[in-house]
Amino acid sequence: MKIKSFYLGVATAIALTSTTIFAKSNAEDNLSKKIEAIAKFTKVVNTVETYYVDPLTIDEIIEKALKGLLSNLDAHSAYLDKKHYKELEIQTQGEFGGLGITVGIREGALTVIAPLEGTPADKAGLKPGDIILKINDKSTLDMTLDEAVNLMRGKPGTKIKLTIYRKGEPKPFVVELTRAIIKVDSVYAKHIIDPDILYIRITNFDRKVVSSVKKILRNNPNAKGIVIDLRNNPGGLLDQAVGLSDLFIDKGIIVSQKGRVASENITYYAHKNGTRTNIPLVVLVNSGSASASEIVSGALQDHHRAVIVGEKTFGKGSVQVILPIGKEEAIKLTIARYYLPSGRTIQAKGITPDVIVYPGKVEKKVDEFAIKEAELKAHLKSELEKLDGKKPKKTKKHDKSLIDEKKLYQDAQLKEAYDILKALIIAKEKK
């Protein structure tokens with residue numbers, strides 16, 4: 001036993017010594033590689049400074065190198081110089097001159113994620129999936145995302161031309177837009193046909209989303225079902241996406257983010273207090289639904305809390321942070337990815353709806369003879385009232401808070417969501 005212990009002790013000592021030597025050797029090897037890489041970089045910088053056709057200062061060369069480094073990591077990482085850092089600060093204040101369009105890089109192309117409702121981009125008819133080939137006369141093929149965004153922003157009232165490639169169109173076409181101050185109503189509510197069916201439209205996830213939805217729910221205590229419309233919603237604040245999901249999920253994971261740095265591995269959980277677990281939900285999404293919209297729809301889908309209707313979403317599931325590298329400069333860096341309760345990732349995959357429905361109108365069979373007869377009777381009644389000296393009755397004002405049958409049939413996706421919700425309500429009442 002003593003001999004065995006002796007040999008075990010020697011073996012352990014040798015193993016520990018070998019591990020220490022190996023670790024030291026590995027660290028020295030890594031340091032050597034870093035020194036070689038920095039030397040290579042320095043040599044390239046010196047060569048460019050000496051031989052490039054146009055004179056460049058060392059600051060200009062380093063700035064270009066940083067831009068190249070960040071843009072080659074992924075479509076969302078970027079180096080922010082003084083000008084772009086200031087523009088980012090202006091953007092986060094929620095008011096700026098622009099087009100009201102959210103874009104991303106998909107397969108190397110500058111792609112429209114979604115136009116924000118009521119903005120110049122929306123009024124010009126831009127659609128999710130449109131590819132922007134040119135901004136004015138500049139090609140976007142080798143342009144970074146931040147460069148493109150900065151070109152599209154500008155003084156309100158100024159014009160800009162975008163050359164658009166749209167699948168199904170015979171050739172690219174040009175759209176002229178006028179920049180405007182972008183102020184978007186992020187949340188509003190209506191009723192579909194009757195007061196029992198609540199429609200909540202969320203255009204983007206700004207800091208007022210959760211409080212606005214809570215207020216809508218308080219004002220509609222008798223609602224039997226809810227359609228949440230996240231179509232063309234490009235995302236926004238993570239805490240608002242988590243908070244909205246938490247209103248309808250009472251336990252378990254909502255979303256988690258995972259990166260290389262342990263401090264960035266965060267899991268967000270649902271809470272029971274204030275949760276509406278009994279009300280049936282249908283969520284509308286399309287290819288313009290991204291980021292925070294995908295977190296909400298994916299979490300509700302994984303918890304079997306809602307039926308997701310529409311088209312596959314954009315697939316933007318990465319986390320970016322702004323890291324200052326001085327008083328006036330910063331880098332925007334991807335540090336983690338989002339994962340849904342089931343463990344699936346959103347990045348480049350998106351959310352596949354439970355029921356796939358493409359946009360369009362719903363054809364409704366009507367009795368044309370009955371319509372003509374009703375119109376004729378109404379017209380003759382009006383004429384008789386004129387003979388009797390009566391003033392014609394004023395037509396009722398359109399109720400803006402109501403989505404009537406005519407409007408419903410204009411939107412095939414919403415019509416499907418409404419039909420599914422009605423079925424869910426009936427099934428709940430029979431239990």
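Modeller: The answer below starts with the setting and then takes the salt bridges pair by pair.

This is a predicted model, in which local features need pLDDT of at least 70 and side-chain atom pairs count only at pLDDT 80 or more, while totals for chains, interfaces and linings use all residues. Residues are numbered from 1 along each chain as its sequence is written, and side-chain values use heavy atoms, with hydrogens and water left out.

The protein has 11 helices and 20 strands (DSSP runs numbered from the N terminus: helices are H or I with at least four residues, strands are E with at least two). Of its 431 residues, 38% are buried (under 20% relative accessible area; exposed is over 50%, and partly exposed is in between, with a 1.4 Å probe and protein chains only). The count of salt bridges is 15 (a side-chain nitrogen of Lys or Arg within 4 Å of a carboxyl oxygen of Asp or Glu).

Lys33 and Asp29 form a salt bridge, at 3.7 Å from N to O. Both residues belong to helix H1, and they are 4 residues apart, about one turn of the helix. Lys33 has a relative accessible area of 51%, so Lys33 is exposed. Asp29 is at 38%, which means that Asp29 counts as partly exposed.

The next pair is Lys82 with Glu328, whose side chains meet in a salt bridge at 3.7 Å from N to O. Lys82 counts as exposed because its relative accessibility is 52%. Glu328, with a relative accessible area of 44%, is partly exposed.

A further pair is Asp411 and Arg231, joined by a salt bridge in which the closest N and O atoms are 2.9 Å apart. This pair links distant parts of the chain, 180 residues apart: Asp411 is in the loop between helix H10 (405-408) and helix H11 (412-430), and Arg231 is in the loop between strand E12 (225-229) and helix H7 (238-246). Arg231 has a relative accessible area of 11%, so Arg231 is buried. Asp411 and Arg231 also belong to one network with Glu117, Arg201 and Asp229, joined by salt bridges that share partners.
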